[in-house]
Amino acid sequence: ERDKDSLQLQVTVLEDQIEAQSRRIVQLEDELEHKENECASLEVSMQRERSLRSGADMRAGQLKTELAGVRLKCARLERDLTEYRNTTPKLPRPTNLSTSSGQI
């Protein structure tokens, strides 16, 4: 009789432990599902950020190319201006022009 009571007590304790562990498993599964949802949301946000950055990087590349083209054009214009100045004959400045005479 005593062994039976002892065994019954052990069974009850084990059942209580199993029930507590089962509740904990359910809690952990809920937490896991919540964390998986958070991860999925973060992945979507990261993908969106990557898309924005790649678009911005692409635009930055386009602007760099455009800037290089403008700089090249400026260099060509400066070269052409220098060439024009060097090949154009120098004309003497007139010295007989007077602004104080009042005549036009």
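**Exercise 1.** In which helix do glutamate 49 and arginine 53 lie, and how many residues apart are they?

*Solution.* A quick note before we start: this is a predicted model, where local features need pLDDT of at least 70, side-chain atom pairs count only at pLDDT 80 or more, and totals for chains, interfaces and linings use all residues. Residues are numbered from 1 along each chain as its sequence is written, and side-chain values use heavy atoms, with hydrogens and water left out.

Step 1: both residues sit in helix 1, four residues apart, about one turn of the helix. Helices are DSSP runs (H or I, at least four residues), numbered from the N terminus.

Step 2: arginine 53 counts as exposed at 53% relative accessibility, while glutamate 49 is partly exposed at 38%. The cut-offs are under 20% relative accessible area for buried, over 50% for exposed, and partly exposed in between (1.4 Å probe, protein chains only).

**Exercise 2.** Find the salt-bridge partner of lysine 35.

*Solution.* Step 1: the partner is glutamate 38, with the closest N and O atoms 3.8 Å apart.

Step 1: lysine 35 and glutamate 38 are three residues apart in helix 1.

Step 2: lysine 35 is partly exposed at 47%, and so is glutamate 38 at 36%.

**Exercise 3.** Count the salt bridges.

*Solution.* The count comes to four. One of them joins aspartate 80 and arginine 79 (3.3 Å, N to O).

Note on methods
Salt bridge = Lys/Arg side-chain N within 4 Å of Asp/Glu carboxyl O. Helix = DSSP H or I, 4+ residues; strand = E, 2+ residues; numbered from the N terminus.
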